[in-house]
Amino acid sequence: MSARAGVVVTGTEVLTGIIADRNGPWLSERLRDLGVDHAHTMIVGDRPEDVRDALEFFRRAGMDLVVTSGGLGPTEDDLTARVVAEFAGVEFVLDEALEGRIATILERLTARWPNLDQEAIRAGNRKQAHVPAGAEILEPVGTAPGFVVGGSPTVVVLPGPPRELQPMWEAAVETPTFREAAAGATEYRSRMLRLFGIPESEIAETLRVARGEGVDLEAMEITTCLRRGEIEIATRFEPAQEEVYEAFAGVIRRRHGDTLFSEDGSTIDQQVAALLREHSRTIAVAESCTGGLLAGRLTDLAGSSEYVLGGLVVYADEAKVALAGVDPALIERVGAVSTEVAEALADGARERLGADIGVGVTGIAGPGGGTEDKPVGTVCFSVAGDEGRLTRRVMLPGGRADVRDRSTAVALHMIRRLLLGESDPPA
């Protein structure tokens, strides 16, 4: 049986949603990479009794390993280290050598502020240098050390800031105590299939079909997720079940070959980038309702300067005319949200920025602005290049953020189809 783990994310700011949890999902993925079965994630506030209750829950659940994030700073609400010492039944002691190493870090960090209260800084330093007796110390990346405490379960204590937690995790997994706790890890293989243009209910039916054809779905862990209008099918299995997975993937290919766009886990963003490079094409966008979100996605990947020339945010009709060269008479005749204006935006982006491919997006993201003919969620797209042109009008579900976000996905899929010489995609 595989080693099992729980994650405790601490911080009232995370619990209340002021800050989104980035550490829990990242740690979950790292645990899966190691073959450790991640069973639970708990988010708790900066209350020692709640942190202690979370640790006790994982002990009762039989976890081999618990990973905590947060609560290691110099302020009074940072109490994770002390709580973990109490949980492990060991003393909470000052490590004088560690205190000296943290002091050296602080001297470097505070040198530009000569008037700071050095006594307060030293007090905070001293607090961060207290650790559970016998713990394996993980050297600070910022000012907070982490540590690994053996026991049942073994507890790995990491700081909250991701830029500190992530490199410290690499040090944690190399400690003897961690390796012993994860000794029961199982090798897993992970696969990701991505589809665009079908409802999630279709995948539910495909699972029933696969089971009816004798595919042993119980031999694998299959998770489906709808994100940005795409269906993601994540599958995890042990190496001995490779043939079972291939049988399952074969059912997906047979039933959804027209909407299955990724079998290797690559995202639409990565595929568009690769195709633009492969075809030696440059691209420019003119966006209305998405307000630059499409340009943001196109430039998210490193090296995008090879193919992205720029973008025009043309929210107002006057901007569409002045920046993208849209004929004002066209807007007057058919309205700003129309396939004709989307085509004019694509042509304008291409011409004004000298790109091989131009993309135009115009729509009504809401919550207001809709009409009977053009309700909220109406978005028009056009992608134009030497390869031809694809133009669409679609109705997208959800609130304002959903419509804007999904619009970028539709546009990226249209760019991909144009570069591949395929017909227009479903919405």
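## Strands, Helices and the Loops Between Them

Helices and strands are DSSP runs, numbered from the N terminus; a helix has at least four residues and a strand at least two. In this predicted model, Arg 228 is found in the loop that lies between strand 10 and strand 11.

The backbone of Arg 228 has a positive phi of about 55°, although this residue is not a glycine. Arg 228 counts as partly exposed, because its relative accessibility is 35%. Ser 280 is another residue other than glycine with a positive phi, and its value is near 55°. Ser 280 is placed in the loop between helix 11 (268-278) and strand 13 (283-287). At 59% relative accessibility, Ser 280 counts as exposed.

## Cis Peptide Bonds

Ser 152 and Pro 153 are joined by a cis peptide bond, with omega about 5°. Pro 153 belongs to the loop between strand 7 (146-149) and strand 8 (154-158).

The bond from Gly 366 to Pro 367 is also cis, and its omega is near 5°. Pro 367 is located in the loop between strand 15 (357-363) and strand 16 (378-385).

## Salt Bridges

The structure contains 29 salt bridges. One of them links Asp 37 with Arg 4, where the closest N and O atoms are 3.7 Å apart. Asp 37 lies in strand 2 (residues 37-44) and Arg 4 in strand 1 (residues 4-10), so this pair ties together parts that are 33 residues apart in sequence. Asp 37 is partly exposed at 22% relative accessibility, and Arg 4 is partly exposed with a relative accessible area of 23%. Each of these percentages can be read against a cut-off: buried means under 20% relative accessible area, and exposed means over 50%.

A further salt bridge joins Arg 47 to Asp 50, with the closest N and O atoms 2.5 Å apart. Arg 47 counts as partly exposed at 36% relative accessibility, and Asp 50 counts as partly exposed at 21%. Glu 246 forms a salt bridge with Arg 253, and here the closest N and O atoms are 3.6 Å apart. Glu 246 has 37% relative accessibility and is partly exposed; Arg 253 has 34% and is likewise partly exposed. Elsewhere, salt bridges that share partners join Arg 4, Asp 37, Glu 221 and Arg 236 into one network.

## Helix 10 and Its Surroundings

Helix 10 (residues 242-256) has 15 residues. From its first C-alpha to its last, helix 10 reaches 21 Å, which is close to the 21 Å expected at 1.5 Å a residue.

Which residues of helix 10 are buried? They are Glu 242, Val 244, Tyr 245, Phe 248, Ala 249, Val 251, Ile 252 and His 256. An α-helix has 3.6 residues a turn, so residues three or four places apart point the same way.

What covers the buried residues of helix 10? The cover includes strand 9 (189-196), helix 9 (200-212), strand 10 (221-227), strand 11 (230-237) and strand 12 (260-262). Strand 10 and strand 11, which form part of this cover, are the two strands on either side of the loop that holds Arg 228.

Technical notes. Residues numbered from 1 in each chain as written. Predicted model: local features only at pLDDT ≥ 70, side-chain atom pairs only at ≥ 80, totals over all residues. Heavy atoms only, no water. Salt bridge = Lys/Arg side-chain N within 4 Å of Asp/Glu carboxyl O. Buried < 20%, exposed > 50% of the residue type's maximum accessible area, 1.4 Å probe, protein only. Expected span 1.5 Å × (residues − 1). Contact = heavy atoms within 4.5 Å.
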